[in-house]
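Trainee: Please take a close look at one part of this model, the surroundings of the ligand. Which residues are around the ligand, and which elements do they come from?

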Amino acid sequence: MVDPRWEKLTEAAADLRRLLDETPEVAITLGSGLSKAFGVPDGGRIIPAEEIPHTPRPTVAGHAGEFWAGRIGETPVLVQRGRAHFYEGHPLDEIVFVTRLFAVLGVKTLIVTNASGAVNPDFRAGDLVIITDHINMLGANPLHGPNLEHLGPRFPDMSAAYTPRLRQLAQEVATAEGIELKEGVYVAALGPSYETPAEIRSFRTMGADLVGMSTVPEVIAAAHAGMDVLGISIATNLAAGVDPDATLTHDEVIETTDRKGSEMRRLLMGIIAQI
Ligand code: HPA
C-alpha cells in the first residue's frame with residue numbers, strides 16, 4: 001500500500017509543477033512578519049496556498065499562506081510566505097508537508113528564516129543570527145512513524161544539518177553588505193506561551209543561544225530528504241528573564257521584524273545571487 005503521506009505529496013507536487021515555469025533550485029520559508037518585510041520580488045507569480053492540495057493554512061497574524069515563484073537573479077526560487085506551527089495544533093506531518101513538497105519538486109537548498117528570543121546575554125534585540133545547530137525541545141520529531149523511503153533513510157544524520165558551506169557564504173555576503181551577522185544554536189520550544197525565565201536559564205545551560213517555536217521540524221525534514229539548509233533568525237527580543245524588568249509581547253516580535261526585515265531581505269538576496 002502507498003503511504004498516504006506520499007500520495008498527498010505527489011498530488012500536491014503535480015499540481016504545483018503545472019503552475020511553475022521551471023524547477024526551483026532554492027526554496028525559502030519565511031517566518032513571522034518576514035513575509036511582509038521580504039515583500040514580493042519583481043516578476044514571478046503568487047500562488048495562493050489554496051491552489052495546492054493538502055497544504056496547511058497558517059493562522060497566526062503576520063503569516064500570509066501563499067507562495068511566490070520566480071527568479072531572483074538567475075536562480076529559480078520558490079518562496080513560502082507563512083508557515084504553519086506545531087503550536088497551532090497541526091500534526092508535525094502537516095508542518096513539514098511544504099518542506100517535503102520542496103524536496104519532491106527537486107529543490108536542492110532550503111533557506112529557513114524565523115523570529116526568535118535571544119537566550120545568549122551577549123545578543124541584542126534586532127541581531128541577525130545564522131543558525132549553526134539546533135536543540136529539539138518540541139517533544140516530537142516529524143520523522144516519527146513509518147519512514148518515507150522515497151525521501152530519505154530511517155536514521156538520517158544530523159551532524160551538519162545546517163550546511164557549513166552556506167553558513168560561510170552567508171557570512172561572506174554579510175561582510176560585503178556591511179551587515180553584522182552572529183552565529184548561534186537555536187532551541188525549539190513548543191509554545192505558544194513564551195518561556196519562563198527558569199526555562200530560558202536551562203536552555204542557556206544546554207547550549208542554546210536562541211529560542212523559537214518553529215524551524216526545527218522543517219530542518220529535520222529537509223535533512224532527511226538530503227537538502228542543504230541555511231537558517232537565519234532575527235533575535236526580535238531578549239528571551240524571558242534575560243532582562244529581568246522586561247515583559248514579552250508578540251507586538252515586540254513584529255515590530256523588531258519590521259525594523260530589521262529590509263536587512264534580512266538584502267542578506268537573502270545577496271546569498272541567493274551566489275548560491
Ligand atoms: N520565545 C519563543 N519564540 C519566540 C520568541 C521568544 O522569546 N521571540 C520570537 N519568537
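**The shell around the ligand**

Mentor: The largest share of the shell around the ligand comes from E5, which gives 3 residues. This is a predicted model. The residues around the ligand are Ala115, Ser116, Gly117, Tyr194, Glu195, Val211, Gly212, Met213, Thr236, Asn237, Leu248 and Val253. Sorted by class, the shell holds 6 nonpolar, 5 polar and 1 charged residues.

From the side chain of Asn237, a polar atom lies 2.7 Å from a nitrogen atom of the ligand. For Glu195, an N or O atom in the side chain is 2.8 Å from a ligand nitrogen atom. At Ala115 the backbone takes part: one of its N or O atoms lies 3.4 Å from a nitrogen atom of the ligand. On its own, the ligand has 260 Å² of accessible area, and the protein covers 95% of that. Two or more residues of the shell are given by each of strand E5 (109-118), strand E8 (210-212) and strand E9 (228-238).

Thr29 lies in strand E1, residues 26-30. Thr29 counts as buried because its relative accessibility is 0%. Beyond its neighbours within four places in sequence, Thr29 is in contact with Leu110, Ile111, Val112 and Thr113, and also with Gln80, Arg83, Phe102 and Glu218. With Gln80 there is a side-chain to side-chain polar contact of 2.8 Å.

Definitions and conventions. Residues are numbered from 1 along each chain as its sequence is written. This is a predicted model: local features need pLDDT of at least 70, side-chain atom pairs count only at pLDDT 80 or more; totals for chains, interfaces and linings use all residues. Side-chain values use heavy atoms; hydrogens and water are left out. A residue is near a molecule or strand if one of its heavy atoms lies within 4 Å of it. A polar contact is a pair of N or O atoms within 3.5 Å; within protein, one must be able to donate a hydrogen and the other to accept it, and residues adjacent in sequence count only if both atoms are side-chain atoms. Accessible areas come from the Shrake-Rupley method with a 1.4 Å probe; for residues, only the protein chains shown count as cover. Helices (H or I, at least four residues) and strands (E, at least two) are DSSP runs, numbered from the N terminus. Ala, Val, Leu, Ile, Met, Phe, Trp, Tyr, Cys and Pro count as nonpolar, Asp, Glu, Lys and Arg as charged, and the others, Gly among them, as polar. Buried means under 20% relative accessible area, exposed over 50%, partly exposed in between (1.4 Å probe, protein chains only). Contact means heavy atoms within 4.5 Å.
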